[in-house]
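Student: Please take me through the aromatic side chains of this model at close range. Pairs first, then whatever surrounds them.

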Amino acid sequence: MKKAVVIGATGQIGRPVVAALVRDGWAVTAASRGGGRDAAWDGEVRAVRLDRADGAALAEVVGDGCDLVVDMVAHDAGHARQLTGLADRIGSAVVISSVSVYEDGAGRGFDTQGEPGGFPAYPVPVAETQPTVAPGEGSAGTRKAAVERELLDPGHGLPVTVLRPGAVHGPHSPLPRELYFVRRNLDGRRERVLAYGGRSRFHPSSARNIAELVRLAAARPGSRVLNACDGQTPTVAEIGAAVDAVMGVATRTTYLDGPPAGSVGLTPWSVPLPVVFDMSAAARELGYRPVVSYTESLPETVEWLTGALRGREWRACFPLLARVYPDLFDYAAEDAWRGV
């Protein structure tokens, strides 16, 4: 059996990646901080503890060699150099980056979107040839750009597929955007407000579809960069309607023509311009076809979120989401805007 090491194996993307590789006949070593305590692996999976910052520990996990390393948590150039430093012991690698590396023709990107006039005007769709931000340490996007630069340097000789997902969704997410609709429904809120006429589009990436891309890239090693998104890009209004359908509720939606009024109308998908990515290269190079659509994936996400919230406050469940969107459920502001 071919041997694979999956770093970050118990995370949102790592779990379906491990499952996909096992189904494809790989002997998988699942590396994570908890050593698998948060995941029930089948007998084919070897779980080990790993501190991603510890290069010596990573080298020990790789051991005498493996055919594949999949890295979900390469967050800076140092992490990338840890991998390339083991090039003589690794057959190939697949590394998760992010669409946050892209910038538009005017130098705008994810880092400038909070500035006046700073939201990027990307082409629709964005291909992998689109310019990227300069590598650096200033933000998540610039750090991912630094990771990519190190990994795509042909000098180290390690074949690396870099995958750029969009708005990742599915169970075990630290930033579950679907919570916006799920919690409102659980709270009995049967009215909502959506900015930008509900037309905002931010390309989703199912963790299961990303895992399929990992599986395909593992079977066809090479040095490449590919977008890693779903087959469709639903609008925020369509996402809300799909969540309602899963939960069996009916909600009346009011639309703002423009941006949110403070927190009113704000959602994790509320963007003034479309953010859509071209998936033709993945289809052409790897034969990629999404294994699940956004709506098909929703029931398991809704079930997971409902269970996670049971008896718990949402900020305690999802601290990252709370930091990024602290006013996501400001019902008082919404009621005041309506004049209730």
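**Aromatic contacts, close up**

Tutor: Start with F110. F110 is partly exposed, at a relative accessible area of 21%. Buried would require under 20%, so F110 falls on the partly exposed side of that cut-off. Keep in mind that this is a predicted model.

Now the tally. With ring centres required to lie within 6.5 Å, nine aromatic pairs are counted. One of them joins Y102 and F277: the pair is stacked, with 5.7 Å between centres and 25° between the planes. The label follows from the angle, because planes under 30 degrees apart count as stacked.

Where do Y102 and F277 lie? Y102 is in the loop between β5 (90-96) and α4 (140-151). F277 is in the loop between β11 and α8 (280-286). The pair therefore ties together parts that are 175 residues apart in sequence. Both partners are buried: Y102 has 0% relative accessibility, and F277 has a relative accessible area of 3%.

Back to F110, which pairs with F202. This pair is edge-to-face, with centres 6.0 Å apart and 70° between the planes. F110 lies in the loop between β5 and α4, and F202 in the loop between β8 and β9 (204-206). Parts 92 residues apart in sequence are thus tied together by the pair.

Next, a cluster. Ring pairs link Y180, F181, W269, W314, F329 and Y331. R183 lies over the face of F329, 4.7 Å from the ring centre. The charged end of R189 sits over the ring of Y331, 4.3 Å from its centre.

Last, a helix to set beside these contacts. Helix α7 covers residues 236-247 and has 12 residues. From first C-alpha to last, α7 reaches 17 Å, close to the expected 16 Å. Its buried residues are V236, A237, I239, G240, A242, V243 and D244. They pack against α5 (179-186), β8 (191-194), β11 (252-255) and α9 (294-309). Just after α7, G248 takes a positive phi of about 70°.

Terms used: Residues numbered from 1 in each chain as written. Predicted model: local features only at pLDDT ≥ 70, side-chain atom pairs only at ≥ 80, totals over all residues. Heavy atoms only, no water. Helix = DSSP H or I, 4+ residues; strand = E, 2+ residues; numbered from the N terminus. Expected span 1.5 Å × (residues − 1). Buried < 20%, exposed > 50% of the residue type's maximum accessible area, 1.4 Å probe, protein only. Contact = heavy atoms within 4.5 Å. Phe/Tyr/Trp six-rings, centres within 6.5 Å; stacked < 30°, edge-to-face > 60°. Lys NZ or Arg CZ within 6 Å of the ring centre and 35° of its normal.
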